[in-house]
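Me: I want to learn to read a sheet, its loops and a pocket. Can you take me through them one by one?

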Amino acid sequence: PDANAKGLDRNLSAFSEQPDIENAVELAANLSRTLRSANTSFEASLAWSTASVDSPFAGARGDVSTLSAGVNIEFSAFTIGGSWLSSDNGFKGADYEAWDIGVSKEIRGTDVSIGYSEADDALAGLSSEAFSISAARNITDDLTLGLSYQDQKLRSPAGKNSGSGIVVEIT
């Protein structure tokens, strides 16, 4: 079957000379378990996908394969979680890998979290890392205020870039 990318996070169908995706298959397993005696809940996921890529640039593209996993453990005092993704981007020697980990805790009605992530993209020649510390509080049923400090670093063939700052979110 033809498997266009119109529902995916990257829909390039509006651009000419884009590859056609066929024979897409995805398998996923999810686990959710609550250990009431330990006041702990556990969630985990594992997914694998593949698709044939028919590119107008012969020999440049191959089948795309992706593997990802994630875990979230909620204890009575805090929650910790992380995820990992690896993909070959459908190009030979163009691997992409990303991972993140974080911990959160509710303190006097305010959700506080710390997170760290890294990503490497051989195709784009990019490598990044990011750190954040955040706090969010429900003011009313319809209003949540969030405040976050974010620090990000990006390495590319052109050099290193970084940025940091405060983000305010009102939802």
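**Reading the strands, loops and a pocket**

Reply: Start with one pair of residues. S41 has E74 in strand 3 as its bridge partner. Keep in mind that this is a predicted model.

Me: Over how many bridges do strand 2 and strand 3 pair, and in which sense?

Reply: The general idea comes first. Strands of a sheet pair through backbone hydrogen bonds, in either a parallel or an antiparallel way. Here, strand 2 and strand 3 (residues 64-74) are joined by 11 bridges in the antiparallel sense.

Me: What order do the strands of the sheet take?

Reply: The order is 1-2-3-4-5-6-7-8-9. These 9 strands make an open sheet with antiparallel pairing. Strand 1 and strand 9 (159-170) are the edge strands, and each pairs on one side only. From one strand to the next, the twist averages 10°.

Me: Now the loops. Where does N39 sit, and what is its phi?

Reply: N39 lies in the loop between strand 1 (20-35) and strand 2 (40-54). Its phi is positive, about 50°, although N39 is not a glycine.

Me: What about R108: which loop holds R108, and is R108 buried or exposed?

Reply: Look between strand 5 (96-107) and strand 6 (110-121): R108 is in that loop. Its phi is also positive, near 50°, and R108 is not a glycine. The relative accessible area of R108 is 79%, so R108 is exposed; the cut-off for exposed is over 50%.

Me: Is T79 buried or exposed?

Reply: Buried means under 20% relative accessible area. T79 has 17% relative accessibility, so T79 counts as buried. T79 belongs to strand 4 (residues 79-87).

Me: Which residues does T79 touch, leaving out those up to four places away in sequence?

Reply: T79 touches N72, I73, E74, G102, V103 and S104.

Me: How do I read a pocket? Take the second largest pocket: what is its volume?

Reply: The idea is simple. A probe the size of a water molecule, rolled over the atoms, shows where empty space is left. The second largest pocket has a volume of about 160 Å³.

Me: Which residues lie nearest the centre of the second largest pocket?

Reply: They are E74, F75, S76, F78 and T79, out of 14 lining residues. Strand 2 and strand 5 are the elements that give two or more residues to this lining. Strand 5 gives the most, with 3 residues.

Conventions. Residues are numbered from 1 along each chain as its sequence is written. This is a predicted model: local features need pLDDT of at least 70, side-chain atom pairs count only at pLDDT 80 or more; totals for chains, interfaces and linings use all residues. Side-chain values use heavy atoms; hydrogens and water are left out. Helices (H or I, at least four residues) and strands (E, at least two) are DSSP runs, numbered from the N terminus. Buried means under 20% relative accessible area, exposed over 50%, partly exposed in between (1.4 Å probe, protein chains only). Contact means heavy atoms within 4.5 Å. Two strands pair if DSSP finds at least two bridges between them. Axes are lines fitted to C-alpha atoms, for helices over the stretch in contact, and angles run from 0 to 180 degrees between N-to-C directions. On a 1 Å grid over the protein atoms alone, a cavity is a set of points where a 1.4 Å probe fits but cannot get out, and a pocket is an open set with protein on both sides within 12 Å along at least five of seven lines; lining residues have an atom within 4 Å of a point. Grid points are joined across faces, edges and corners, and a volume is the space filled by probe spheres set on the points.
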